[in-house]
Amino acid sequence: MKKTPLYLATLFAVLGLQTVSAQINLGEKALGAVQKGVTGLTFSDADAANLSREAVAKMDKENPVADDKDPYTIRLKRVFGKHASEKGLTLNFKVYKLKEVNAFATADGSVRVFAGLMDIMDDNELLAVIGHEIGHVANHDSRDAIKTAYQKEALTDAAASQSASAAKVTDSQLGKIGSALVDSQYSQKQESDADMYSYDFMKRNGYDVNAVESAFTILAKLSEGQQSSFIERMMSSHPDPKKRAANAKARAEKDGLYKPYVKQTAKPAAKKTTTTKKKKKK
Ligand SMILES: [Zn+2]
């Protein structure tokens, strides 16, 4: 072991250790101890919620948030208004008017949906996808994600890493933590658990559970073409993206609820409530 691996060199540099004396063989256990010294800080659920709230507030400032009168906001409120409180979680929903197909939910209960996702999903499919994201919050995946992101940033900041509890992060660290949250990579188990949550969410609330299969079929098709971090995130831990759609179908069949999903026509409520056709174009 003559050459210090890069990650070790970086860790040493961060900790101010001498990489020159690399012949001292740090075994796995010793390395674990060193890392524990840095990352063994207490990071409570409240810390996760507070830090998430701060990171989302920063993202809200830096992204085009749809206002209350925006058709995207009106639609999101219509679909999710009754789900502001879900299994003890207090959720808040906002639309980012960005073309990217994306959505995320954070430990404080913030749910952010990109316009690009809303454009390709009908209401039920949107419920299925957002239900999946809410699942990550309910299952504490979001809390673990921000803890990991925080620890990663704390590692690059000696002052924060020496604090016994979650220390105040800088604005640039908060930005990095926010990006990490948007791109959170979850394990296959976390993904399938969130899929299960989504299916149960649909069933419990009396929605058409077949929209889960349909939503994943849409995302699977997209993953074959254009790339986006969301699609990657939704699909990366699954070698066969179509399998998730198939799993949802199998669940529906088992429950005797399966029928081929009929996609709703785009924004049916908007059509019904529009009294004059010219009113839309201004
Ligand atoms: Zn997921």
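Which protein donors does the zinc ion have, and how far from it do they lie? In this predicted model, the donors are H132 (NE2), H136 (NE2), E191 (OE) and E191 (OE), lying 2.1 to 2.8 Å from the zinc ion.

**Zinc site**

- The four donor atoms subtend angles of 51 to 137° around the zinc ion, which makes the arrangement irregular. A tetrahedral arrangement would need all angles to lie between 85 and 135 degrees.
- Along the sequence, the donor residues of the zinc ion follow the spacing H-x3-H-x54-E.
- Distant parts of the chain are linked by the pair H132 and E191, which are 59 residues apart. H132 belongs to helix α6 (residues 123-138), and E191 belongs to helix α10 (residues 188-204).

**Cavities**

- Two cavities of 30 Å³ or more are found in a search of the whole structure.
- The second largest cavity holds about 40 Å³ of space.
- The residues that line the second largest cavity are A105, T106, S142, A145, L181, S184 and Y186.
- Classed by type, the lining of the second largest cavity comprises four nonpolar and three polar residues, with no charged residues.

Note on methods
Residues numbered from 1 in each chain as written. Predicted model: local features only at pLDDT ≥ 70, side-chain atom pairs only at ≥ 80, totals over all residues. Heavy atoms only, no water. 1 Å grid on protein atoms, 1.4 Å probe; cavity = no way out; pocket = protein on both sides within 12 Å on 5 of 7 lines; lining within 4 Å. Points joined across faces, edges and corners; volume = space filled by probe spheres on them. Nonpolar A, V, L, I, M, F, W, Y, C, P; charged D, E, K, R; others polar. Donors = N, O, S within 2.8 Å, 3.2 Å for Na, K, Ca; no water. Tetrahedral: all angles 85-135°; square planar, octahedral: opposite > 155°, others 65-115°. Helix = DSSP H or I, 4+ residues; strand = E, 2+ residues; numbered from the N terminus.
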